[in-house]
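Subject: Structure for your files, with notes

Hello,

Please find the structure below.

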4 protein chains.
Amino acid sequence: MKRVGLVGAGYWGPNLARVLNQTPACDFVAVCDRVPEQVERIARQYPSVNGYANVDEFLASSVDAVVVATPISSHYEIARRALVAGKHVLVEKPLAHSADLAQALTDLAAERNLILMTGHTFVYSPPVVKIRELIESGDLGDIYYVSLSRVNLGLYQKDVDVIWDLAVHDISILLYWLGEAPIDGMSMGRACVQAEKNDVAFLWLKFPSGIVASIEISWLSPQKLRRTCVVGSKRMVVYDDTSTDEKVKIYDCGVQLPEPKSFGEFHLTYRLGDMRAPRLANAEPLLIEVEQFVRSIETGEVPPTDGRFGTDVVRVLEKVAGQRAFEDPALVASAVGRTR
Amino acid sequence: MKRVGLVGAGYWGPNLARVLNQTPACDFVAVCDRVPEQVERIARQYPSVNGYANVDEFLASSVDAVVVATPISSHYEIARRALVAGKHVLVEKPLAHSADLAQALTDLAAERNLILMTGHTFVYSPPVVKIRELIESGDLGDIYYVSLSRVNLGLYQKDVDVIWDLAVHDISILLYWLGEAPIDGMSMGRACVQAEKNDVAFLWLKFPSGIVASIEISWLSPQKLRRTCVVGSKRMVVYDDTSTDEKVKIYDCGVQLPEPKSFGEFHLTYRLGDMRAPRLANAEPLLIEVEQFVRSIETGEVPPTDGRFGTDVVRVLEKVAGQRAFEDPALVASAVGRTR
Amino acid sequence: MKRVGLVGAGYWGPNLARVLNQTPACDFVAVCDRVPEQVERIARQYPSVNGYANVDEFLASSVDAVVVATPISSHYEIARRALVAGKHVLVEKPLAHSADLAQALTDLAAERNLILMTGHTFVYSPPVVKIRELIESGDLGDIYYVSLSRVNLGLYQKDVDVIWDLAVHDISILLYWLGEAPIDGMSMGRACVQAEKNDVAFLWLKFPSGIVASIEISWLSPQKLRRTCVVGSKRMVVYDDTSTDEKVKIYDCGVQLPEPKSFGEFHLTYRLGDMRAPRLANAEPLLIEVEQFVRSIETGEVPPTDGRFGTDVVRVLEKVAGQRAFEDPALVASAVGRTR
Amino acid sequence: MKRVGLVGAGYWGPNLARVLNQTPACDFVAVCDRVPEQVERIARQYPSVNGYANVDEFLASSVDAVVVATPISSHYEIARRALVAGKHVLVEKPLAHSADLAQALTDLAAERNLILMTGHTFVYSPPVVKIRELIESGDLGDIYYVSLSRVNLGLYQKDVDVIWDLAVHDISILLYWLGEAPIDGMSMGRACVQAEKNDVAFLWLKFPSGIVASIEISWLSPQKLRRTCVVGSKRMVVYDDTSTDEKVKIYDCGVQLPEPKSFGEFHLTYRLGDMRAPRLANAEPLLIEVEQFVRSIETGEVPPTDGRFGTDVVRVLEKVAGQRAFEDPALVASAVGRTR
């Protein structure tokens, strides 16, 4: 059974620790963080886990695979060292703070014949998988456009702006659903509370097939929205992730233009049919993601969010945001230092 | 008492007829439409109303004021003739199909000392007026951004695209609330069903004060949304026009950055307070609008949606849509012809 | 074509006038009300309609059928006179203020071979018809129970309490759906604002098949609820009449007890499936009701809400409320007097 | 610091263990369950906790206080032994399966001068506390009625029916809010899936002050409802426990009857004002409950859900359900045996 270790035990790490412990197909054996209290907390809760304060000592241990949940600025450096040390790697999203570095990790993993996977958790969530099936089966017809809103009050991130923090989810969902990367993209944001860090932004994407998408993201919104609308020529879907029981609603409706178009006339037909909310599995996406990682290590199966996919997401983020996640080399250095 | 006539008795005209009839401060005396059945229907329902098929005969009658509810392409020409004939004019939105023509009407009305008003009905609706009060009083603090969604399935318009049909509402609301015209604007749309006519579009606006706004409009959406979110530094507002009883919700919440900012630290404070949904009057906006028109005629009071305001809205539409409402001179000619 | 007249042009009458005017299969020819302004208002709007202040003169006219929309206390007397005069009769709900009188009208109509119908409008509404189809087809399995809530702020009725005003709808829906009359029923109400007139009440019903039902009705509720839940052994339905697009939701879920039950064990299985909201016709129930009345006159077809049905509803009301709609003979006399 | 032990580590026990561990004011030192795996699971997670399989050995240990989370049928016997052993006791709701036994526990605790508290968790939840404050302050005026719905699909209980399982919450909330016990009560239920065990029930209560209440409870409902409406003469409240951010909505509305009532006239006035959703603390009710238990032990403060309160709740349950929680002595004996 594969031996898996976790780097980064701060905000998100404990969730990964719990899920690693729940996954029967792997052994959760090691945790690494430069903050001793965070290592201790994990080690106490999972007695079979060894704690490390130093990444290199952690990587020198007998772990086969590494899950990276550190601040974004250190993703590249830690993942690189882990690959160099011969470990399979699952990196929390985004894969790296620039597309070039993400590509470099992907190349390195390919050279070493190691699994490199990005933790785009939504790609493993039942509603998102269901909608991909609907798109791929042709049930929705041609996709016209997608509109996505992901807004709420907080949580502000320390090292990245709202695009790198929230739009990363929507972009991964779009790439997974549409199977194509956008040919054009823009954003308009505003840094309302903190200087030079957008806390609200509106994104536009155009895809080669003609599909357009709009993404609204905000840390400054009084109501929480997790709403996505996919409009196809045959059917339309609303995916509301805040709903408990009816996350996906499929509307059997549309507009038709009769052929041949009689000159000078205007005869649109509206088709209004049933709405259906399919029953979705209650499985935890993070658990499915970790199971995919372990299965890919065992079988060589390419995960849907492999290094190439993670690199594509970062490339879109860079293009839309007009910059890398951050430019300050000191920040990058200090961030890596955090887990040393 | 002022004598008022109506030109255009098609889709929207009957609503104006009903409201003109309900307004005690004016006499509803004439209706004009090139379709005889539509004239008859109004004349039968309001026996004191005379019917006309010809605009010039209608304008030669004893009406003091004219309400124009014809297709957009004929707004300019009919309003111009009415002003030349010495009538006060209320034109359905948008004031004209280009900003230059809208400006020309505004100038003409000023020269003749006549009231020219645009039928931006939302500006007269209690929720929109309430939010303007909240903004003007400073209750919301500095406005950071506004996000507006106006989507549903249908109704496709014959002569204009979705921007000229739906965004005209949102732009009028923004100009009314913010009291400033945007310095920058763009749109991304797609003509999904009909060639060369957008049925979905996403708009961005930047205002001189730094406020940004996003508008999502669609004729192709499975759920109806009429949702606007106004985010200020002190309070935030959600205005949902599909709600029956709680159209305006005021959230006493925000984010604070302590001063002086200690170097290297990150201490945002979230303020989460009560939500309040103020009771709003149940008055019909169209009735308030017509009452404003009559009152402005009587007293000379400048209406909030005067010619200048209507021209500003068209100027933003042109800039954002990248074009006039339509370019085809034949269409313009034939549209005016419709009511001749 | 049958000539139809309307008695009672107060609160509800104008809606019936509009619908009678819209129904191509009948001629709307007469209106009667003791208040002259109400007669005039109808006669002005529908010029072919003759106005009457006296019921007997109205009944002596050439109308073939009569729609009764007067206060409840006068239903019996006016319907009786109309039947005696040989007219078919549609009476607004409830048919009469006591079951004995409702039965007497039913018997009289049968003797005279005239159509007697009660205006239980909900029985003609698409969601209610849809749910009856689901029950009759066996799609829901055995019905376990029905829970109904009909609450809002106002409108207080002058002559009856909340049970006779609101529960009459729910009881008619239950009788229509279940096809059986309850064997037991009770209510607990409270007269909160006005002495001796319940403005909130809770009703229980037991049906011969074992089905139980609960009805909550109130004129004193801050939110409007029009919610009905039908629980069957195979599927469950929620009918929300305040929803615009998804009035009926069908849940493919249930609980199963395995057979044979192993002693001492507890193995319930939950079945959780899709939810479906069928597209429903947008037709106005009142129009369908009037069309049914005219069709029954023409063809002799028994309407679903015939006199017998209306009598059953009043019998349940009497039993549950513990009394007739009102006991005061003076009130009854004066109410009839109102339309004389 | 007081040493606290837990009896019963099945379905609900782990939540209490977590909360006991989180409470700084007490030491969580012991757990007892007849199922060894459940004891081990708790002991592993909280290393300072000793495990016991036998209640008497557990009670002979040095614990000062005991939390009882066993099946309802054993509440009385375990609580009795704990009190006899001189321990303070917190019993999960309901206090016992009959009012006589609940009273006996209350008397025993009083004799021994020990704290006896019932785990009516909702009484410690911020929305319920908020509404009690609104009632007590007079903000709502006189309370007219309360309507409560607590329905969803599952979870079926093994030893009690839906009244003893779910209505216990609503009755505890009502007693806490109104500060009086009902003078009358009834229920109508149906055993739909399992013989002789109600899975749906409707309850009615009348209170000495004239307030009436209705409770709808069901394990067989396709949508989850946790909705309570409190109607007062001045204001009305809707408490929706399924809402994330707006659990309590206060409506400033009502109906007024002018004084003196003019004879024969009907002049009700509706008052429609703002709605306000107060910000509520995010605290976990179970934690507040355990803190209350520890504080009561330390200070002698009477907890709001003391033995008398818990007895009152059971007395109402017995009256409304028409029986004790179960009648079978063998079941009672075997249930106690479970934790021996």
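With which residue of chain B does Lys249(D) form a salt bridge? The partner is Glu246(B), and the closest N and O atoms of the pair are 3.2 Å apart. Please keep in mind throughout that this is a predicted model.

Chain B and chain D

That salt bridge belongs to an interface for which the count is four salt bridges. The contact involves eleven residues of chain B and eleven residues of chain D. Between them the two chains bury about 1000 Å², and carbon and sulfur atoms account for 44% of that area. On the chain B side, 49% of the buried area comes from Asp274(B), Met275(B) and Arg279(B), more than from any other three residues.

There are also ten residue pairs in polar contact across the interface of chain B and chain D, counting pairs with both residues at pLDDT 80 or more. At least two residues of the chain B side come from each of β13 and β14 of chain B. The strand that gives the most is β14(B), with six residues. Sorted by class, the side of chain B that touches chain D holds five nonpolar, one polar and five charged residues.

Chain B and chain A

Here 52 residues of chain B meet 52 residues of chain A. The buried area is about 4600 Å², with 71% of it from carbon and sulfur atoms. How many salt bridges does the rule find across the interface of chain B and chain A? The number is zero. Polar contacts are present, however: 16 residue pairs, both residues at pLDDT 80 or more, are counted between chain B and chain A.

Several strands of chain B give two or more residues to the side that touches chain A, among them β7 (143-153), β8 (184-190), β9 (200-206) and β10 (212-218). Also on that list are β13 (248-256) and β14 (269-277) of chain B, the two strands that each supply at least two residues to the side touching chain D as well. The largest share of the side facing chain A is that of β11(B), with eight residues. By class, this side of chain B is made up of 33 nonpolar, twelve polar and seven charged residues.

A sheet in chain C

In chain C, six strands make an open sheet with parallel pairing, in the order β3-β2-β1-β4-β5-β6. Its edges are β3 (50-52) and β6 (116-119) of chain C, each of which pairs on one side only. From one strand to the next the twist averages 25°.

Helix α8 (residues 285-299) of chain C lies across β1 (2-7), β2, β4 (65-68), β5 (88-92) and β6 of chain C. Relative to β5(C), helix α8 of chain C runs at about 155°.

Regards

Methods: Residues numbered from 1 in each chain as written. Chains lettered and ligands numbered in written order. Predicted model: local features only at pLDDT ≥ 70, side-chain atom pairs only at ≥ 80, totals over all residues. Heavy atoms only, no water. Contact = heavy atoms within 4.5 Å. Buried area = accessible area lost by both parts, 1.4 Å probe. Salt bridge = Lys/Arg side-chain N within 4 Å of Asp/Glu carboxyl O. Polar contact = N/O pair within 3.5 Å; in protein donor to acceptor, adjacent residues only side chain to side chain. Helix = DSSP H or I, 4+ residues; strand = E, 2+ residues; numbered from the N terminus. Nonpolar A, V, L, I, M, F, W, Y, C, P; charged D, E, K, R; others polar. Pairing = 2+ DSSP bridges. Axes fitted to C-alpha atoms, helices over the stretch in contact; angles between N-to-C directions.
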